Amino acid sequence: MELFELLNFYVIPGIVLGSIYALGAVGITLIFAILRYAHLAHGDLATLGAFIALAVVTGLGVSPLVALPVAILATAAVAVGIDKVFYEHLRERPKIVTVMASLGIALMVRSVIQVVWGVDTETYSRGIVRPEDYFGLRIRDREIYTVVALIVLVGGLQLFLTRSKWGKAMRAMSDNPNLALLSGIDNKKVVMLTWVIAGGLCAASGFFLGLNTELKSMMGWYMLLPMFAAAILGGVGRVEGAVLGGLIVGIAEELSVLVIPSEYKAAMAFVILLFMLLVRPTGLLKGKVL
Amino acid sequence: MSALLSMENLTGGYGDADILQDVSMHVAPDEIVAIVGPNGAGKSTAMKSVFGMLTIRGGRMLFDGDDITKWTPNRIVQRGICYVPQVDNIFREMSIHENLEMGGFLKKGDLSASYDRVYTLFPDLKERRKTLAGSLSGGQRQMVAMGRALMLDPKLLLLDEPTAGLSPKYMEQIFQICRDVRDTGVAILLVEQHAKQALAFADRGYVLAAGKNRHEGTGAELLADREVAEMFLGG
């Protein structure tokens with residue numbers, strides 16, 4: 001096979017898919033770092049973000065990229081609300097209780113989406129988009145938007161975590177919760193901030209999946225496994241690890257089609273997840289052990 | 001001299017069990033006070049009681065004119081008592097400077113005077129301010145932990161076994177740092193496993209056993225006391 005064929009049909013779609021996974025995996029890793037549990041409603045929150053953007057696109061007739069910020073803010077607010085109404089009461093209970101509760105939230109969010117938007121496949125815009133040719137590389141605009149959004153959002157998050165007072169407070173809470181409390185850091189504000197960021201990134205993840213493929217009520221649920229695989233692969237609690245993990249899982253899934261039937265593509269994430277848990281549970285960039 | 005902190009007939013513990021029974025202690029504004037005693041004597045518990053971390057069922061705690069017996073740790077921190085736990089007392093994945101910044105989290109406005117003060121006490125830390133705290137040696141970590149606690153300009157510093165696991169060389173260094181901190185006007189109450197060394201260096205000491213006050217006096221007095229020597233210090 002030619003190099004350009006490999007790049008155009010496998011690597012570039014892999015990077016795009018990987019960027020989508022990465023946006024979700026960063027949220028998963030942050031929630032684990034601060035709150036210490038696996039959030040199973042993450043995929044369905046991503047679906048919600050995608051459909052909120054759809055509502056803005058069809059309702060106001062604006063371009064999908066204008067709808068994205070609205071979807072990010074709305075999903076962030078929903079995430080904070082879910083935490084306040086459901087998870088907050090479980091904070092002192094064993095973490096597995098919250099993990100199970102988040103599975104329930106996942107089903108609830110999905111059902112609401114199915115009631116409001118139905119179960120049919122939707123798209124942001126109709127018609128076929130032809131890729132542009134860049135020196136032999138065939139790339140669509142929406143693919144560029146996806147990668148740029150990952151860089152801007154995660155870059156912004158990194159700046160926030162390393163430069164701002166509250167960003168550092170989040171890292172402190174992840175690093176040593178007792179000492180953070182002894183230092184007078186307000187745990188409730190840190191938790192809220194975590195949900196704003198995770199919810200917003202979730203919406204971006206769902207939106208770009210919808211933009212590059214199509215919108216379905218199950219779309220986020222199917223992303224949950226690859227997103228978790230990405231977070232664990234990169235090292236739980238590591239933002240840059242989640243991005244790296246997301247890209248690896250995305251590219252591996254697309255490349256796997258070369259050797260296995262495409263119906264089994266999703267199994268790649270599972271293989272990577274199992275392999276990492278067996279061989280190096282702390283992930284590529286040393287993270288927390290689940 | 002009037003006491004900065006006075007613990008009067010304190011009884012209490014975690015949950016329902018009373019670990020401390022009728023314990024009384026005081027700390028003057030410019031002294032280092034060591035609490036020593038055998039394992040399980042309630043040394044750390046006595047110190048944590050100052051910080052509002054246990055249930056008090058009798059007695060009271062006065063600090064600088066306020067009755068702080070029922071205060072929450074957060075309010076106590078803001079009032080001027082900072083606590084350095086024995087283990088996990090730094091943010092490992094943050095730089096030295098960020099550790100200090102988190103120590104000063106509650107302070108409004110400019111932190112530069114507080115940084116200066118800590119860096120003057122610990123010049124080693126200033127040179128390595130961008131270094132991750134988790135990569136430091138045991139003695140330096142203890143400096144970061146104390147530096148973090150000093151960022152809020154406390155009047156009283158509580159140290160839980162600051163020399164645990166350190167070599168004798170570092171132990172002496174930490175003791176010297178405690179004296180330097182005291183000389184800047186911060187009182188120190190510390191719990192020590194190394195009873196002899198601690199009593200030799202502290203201004204005063206208390207010997208606790210089975211949750212009760214047993215002996216009180218200057219370090220030299222306690223070291224000279226035959227009963228103290230036999231019971232708790234291994235002769």
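Trainee: What kind of model is it, and how are things numbered?

Mentor: It's a predicted model, where local features need pLDDT of at least 70, side-chain atom pairs count only at pLDDT 80 or more, and totals for chains, interfaces and linings use all residues. Residues are numbered from 1 along each chain as its sequence is written, chains are lettered from A and ligands numbered from 1 in the order written, and side-chain values use heavy atoms, leaving out hydrogens and water.

Trainee: Which parts of chain A does UniProt list as "transmembrane region"?

Mentor: The unreviewed UniProt entry lists residues 6–33, 45–62, 96–117, 144–161, 190–212, 218–236 and 266–285 of chain A. Positions follow the numbering used here, feature names are shortened, and such annotations may be inferred rather than shown by experiment.

Trainee: How much helix is there over 6–33 of chain A?

Mentor: Residues 6–33 are 100% helix and 0% strand, with the end C-alpha atoms 37 Å apart. Residues 266–285 of chain A come out at 65% helix and 0% strand, with 24 Å between the end C-alpha atoms. Helices (H or I, at least four residues) and strands (E, at least two) are DSSP runs, numbered from the N terminus.

Trainee: New topic: how many salt bridges over all chains?

Mentor: There are 21, taking a salt bridge as a side-chain nitrogen of Lys or Arg within 4 Å of a carboxyl oxygen of Asp or Glu. One of them joins B:Asp64 and B:Lys155, at 2.7 Å from N to O.

Trainee: Where do B:Asp64 and B:Lys155 lie?

Mentor: B:Asp64 is in the loop between strands S4 (55–63) and S5 (66–67) of chain B, and B:Lys155 is in the loop between helix H6 (138–150) and strand S7 (156–160) of chain B, so the pair ties together parts 91 residues apart in sequence.

Trainee: OK, rings. How many aromatic pairs over all chains?

Mentor: Nine. Rings of Phe, Tyr and Trp (its six-membered ring) pair if their centres lie within 6.5 Å; planes under 30 degrees apart are stacked, over 60 edge-to-face, and the rest tilted. A:Trp166 and B:Phe105 make an edge-to-face pair, 5.1 Å centre to centre with 90° between the planes. That pair crosses between chains, from helix H6 (residues 165–175) of chain A to the loop between H3 and H4 of chain B.

Trainee: What lies over the face of B:Phe105?

Mentor: A:Lys165, at 4.7 Å from the ring centre. That call needs NZ of Lys or CZ of Arg within 6 Å of the ring centre and within 35 degrees of the ring normal. B:Phe105 is buried, at 7% relative accessible area, whereas A:Trp166 is partly exposed at 27%.

Trainee: Last one: which residues touch the most others in the largest nonpolar core?

Mentor: B:Leu156, B:Leu157 and B:Leu189, out of 169 residues. Helix H1 (residues 3–35) of chain A gives the most to this core, with 14 residues. A nonpolar core is a set of buried Ala, Val, Leu, Ile, Met, Phe, Trp, Tyr and Cys residues joined through side-chain atoms within 4.5 Å.

How values were computed
Buried means under 20% relative accessible area, exposed over 50%, partly exposed in between (1.4 Å probe, protein chains only).
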